[in-house]
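Below are my notes on the model, as numbered points. Please read them alongside the structure.

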Amino acid sequence: MPKQKREEKPKNKKNDSSSSDSDDGPEDRNPPAEKKAKMADRTNDKEPTWVLQGKKLLKVREFKGKVYVDIREFYEKNGELLPGKKGISLTPEQWRKLLSIGEEVNETVSSMC
């Protein structure tokens, strides 16, 4: 008896059930205004937090017993903001160095814009 040929779906064709609605867009990915206001406050878990823009935050945090200034892009999962891979953690010495060259960096940026 000959084998029946199985019909395969094209791999690059999107399934209608998994496609996003027209409502989904960049405006849906940003937290509502009330969440942004909450993030700007100092958190209860000893991590003072400042919103730079959207979900880009600056936090002063402790990791493995050491203090860092963490500038990072966060993402939302199950209603909770979690740190993403995009970012940098600076030691207090590196942070102070960054602040000390701030005016020079500002002048350079101004001359280029």
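1. K64 sits in the loop that joins β2 (56–63) to β3 (66–77); helices (H or I, at least four residues) and strands (E, at least two) are DSSP runs, numbered from the N terminus. The phi of K64 is near 50°, a positive value in a residue other than glycine. Most residues other than glycine have a negative phi. K64 counts as exposed because its relative accessibility is 73%, where exposed means over 50%, buried under 20% and partly exposed in between (1.4 Å probe, protein chains only).

2. This is a predicted model, in which local features need pLDDT of at least 70, side-chain atom pairs count only at pLDDT 80 or more, and totals for chains, interfaces and linings use all residues. Residues are numbered from 1 along each chain as its sequence is written, and side-chain values use heavy atoms, with hydrogens and water left out.

3. N78 is in the loop between β3 and β4 (80–90). Its phi, near 55°, is also positive in a residue other than glycine. With 77% relative accessibility, N78 counts as exposed.

4. The protein has 4 helices and 4 strands, in the order α-α-β-β-β-β-α-α from the N terminus. Of its 113 residues, 16% are buried.

5. Contacts (heavy atoms within 4.5 Å) with a separation of 6 or more include 12% between residues 24 or more positions apart.

6. V109 belongs to helix α4 (residues 102–112) and counts as partly exposed, because its relative accessibility is 43%.
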